[in-house]
Amino acid sequence: MMVSPLLERIRRREAKVGVVGMGYVGLPLGMAFAEAGFPVTGLDVDTRKVENITKGVSYIKHIPSEPIQELTSKGKLKATTDFAKAREMDCIIICVPTPLTASREPDMSYIIKTGEALAPHVRPGQLFILESTTYPGTTDEVLKPLLEKNGLKAGVDFHLAFSPEREDPGNKNFNTKTIPKIVGGHTPACLEVAQALYASALKETVPVSSTRVAELAKLLENIFRCVNIAMVNEMKMLCDRMNIDVWEVIQAAGTKPFGFMPFYPGPGLGGHCIPIDPFYLTWKAREYEFHTKFIELAGEVNQQMPYYVVTRTMEALNKNKKTLNGAKVLCLGAAYKKDIDDMRESPSLRVISLLKEKGAEVDYHDPYVPRLEEGHGFHFTMQSVPLNPETLGQYDAVVILTDHSSIDYNQVVKHSQCVVDTRNACKNVGPGREKVTKA
């Protein structure tokens with residue numbers, strides 16, 4: 001078994017850390033290591049991100065520019081598009097996307113391309129860690145063979161580990177440094193080195209026996225949320241039929257001090273993990289001739305929520321003797337959750353697309369997302385419109401899809417003809433509540 005001198009370099013904060021993929025996960029992680037005293041280099045194919053880091057400018061809304069500028073000015077944080085620089089790195093952490101294909105199967109292309117780009121530059125004694133959310137077996141079955149292409153062996157010549165990202169953009173209670181870090185190694189020695197690296201920059205590490213356990217732990221965390229959100233989304237649709245306020249029901253049930261955890265309905269699931277993770281596990285389960293019926297059903301319920309929102313919008317318009325075909329509709333919120341600019345898998349995009357397909361004239365407003373681009377199943381380019389009493393009055397319906405804190409919902413209801421609320425954003429609105437349809 002390889003005895004690595006890398007441990008001493010990590011303990012002295014001399015190990016050079018490379019982070020592949022400087023997005024919502026990679027940028028704050030790279031900053032955490034740089035702030036802990038490690039020299040950090042971000043590797044990314046996006047020249048815009050590299051240029052911004054070099055200038056000390058943030059490109060993620062909830063991350064301010066000042067700490068980036070401070071780290072770059074001290075030479076602690078750099079960025080490049082040159083993957084040959086990976087040979088100079090002691091520890092390389094991979095934080096690339098793992099989306100789904102059009103047929104809802106795992107898309108390993110980003111991991112594969114990254115592995116291929118790094119393969120020529122693998123040298124003895126390095127540590128490679130995958131953080132991308134994925135199915136159990138990816139580290140061993142997909143990444144490991146790519147890194148071994150030049151003849152070096154994982155666990156013998158270099159270290160290999162998996163540590164799932166646990167980022168929650170915009171969460172003011174937890175950040176990269178304070179969220180416990182699960183770590184699984186290809187071998188015990190790999191685990192020791194990987195755990196030492198994370199322990200040098202983060203508050204707490206949680207070692208597990210293998211990379212597969214670490215991979216599946218991440219899926220379990222998010223599938224737990226997916227299943228419970230599906231349950232409450234289904235409860236919401238039933239409550240609408242029964243003319244009961246599901247939000248009041250949840251609030252009442254939430255007073256129980258044990259055995260209950262509140263989850264909240266919405267227009268669908270967003271973010272990189274929760275809408276995707278169930279499909280990663282159900283796909284892998286088929287390899288073992290196992291059908292994950294419960295998980296798949298939850299995914300189906302959540303996927304139907306944008307259609308339900310459109311139906312409720314049609315019903316709200318109908319009360320005003322208007323049809324969706326030809327109606328002017330304003331969607332409030334494009335990001336997948338409040339007070340961030342993250343568009344990954346946002347259900348707002350699906351709702352906008354469905355409204356357009358039904359013949360509505362659709363605009364949107366989002367203070368964090370000034371422009372919507374084509375891609376990820378969204379086939380339009382749109383600009384955020386101003387939100388004021390004059391513009392609100394021009395629309396037949398306003399659909400609240402993301403409950404950003406900066407929006408005055410009293411004013412929205414006051415000046416709108418009809419409001420469809422998918423987030424309970426209008427719960428404290430006074431006059432005009434009769435205009436609000438919950439969805």
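**A close look, then the wider picture**

Tutor: Glu165 counts as buried because its relative accessibility is 7%. Buried means under 20% relative accessible area, exposed means over 50%, and partly exposed lies in between (1.4 Å probe, protein chains only). The model is predicted: local features need pLDDT of at least 70, side-chain atom pairs count only at pLDDT 80 or more, and totals for chains, interfaces and linings use all residues. Residues are numbered from 1 along each chain as its sequence is written, and side-chain values use heavy atoms, with hydrogens and water left out.

Now place the residue. Glu165 sits in the loop between β6 (159-162) and β7 (181-185). Helices (H or I, at least four residues) and strands (E, at least two) are DSSP runs, numbered from the N terminus. Leaving out residues up to four places away in sequence, Glu165 touches Val25, Glu131, Thr133, Lys181, Lys218 and Cys273. Contact here means heavy atoms within 4.5 Å.

Next, the nonpolar cores. The largest has 48 residues, and Val20, Leu118, Phe128, Leu147 and Phe158 have the most contacts inside it. Helix α8 (residues 211-242) gives the largest share of this core, nine residues. A second, separate core has 41 residues, including Leu27 and Ile129. Such a core is a set of buried Ala, Val, Leu, Ile, Met, Phe, Trp, Tyr and Cys residues joined through side-chain atoms within 4.5 Å.

Then helix α9. Val246, Trp247 and Ile250 are buried in α9. Seen down the axis, the buried residues of α9 fall within an arc of 100 degrees, so they line one face of the helix. That arc is taken from the directions from the helix axis to the C-beta atoms. These buried residues pack against α8 and β15. On the other side of α9, Glu248 and Gln251 are exposed. Gln251 has a relative accessible area of 61%. Gln251 and Pro262 are 11 residues apart in sequence, and their C-alpha atoms are 7.9 Å apart in space.

Last, a sheet. Five strands form an open sheet in the order β10-β9-β13-β14-β15, with parallel pairing. Its edge strands, β10 (361-365) and β15 (436-438), each pair on one side only. Two strands pair if DSSP finds at least two bridges between them. Strand β9 (residues 328-332) and strand β13 (residues 397-400) share four bridges in the parallel sense. Leu330 has Val398 of β13 as its bridge partner.
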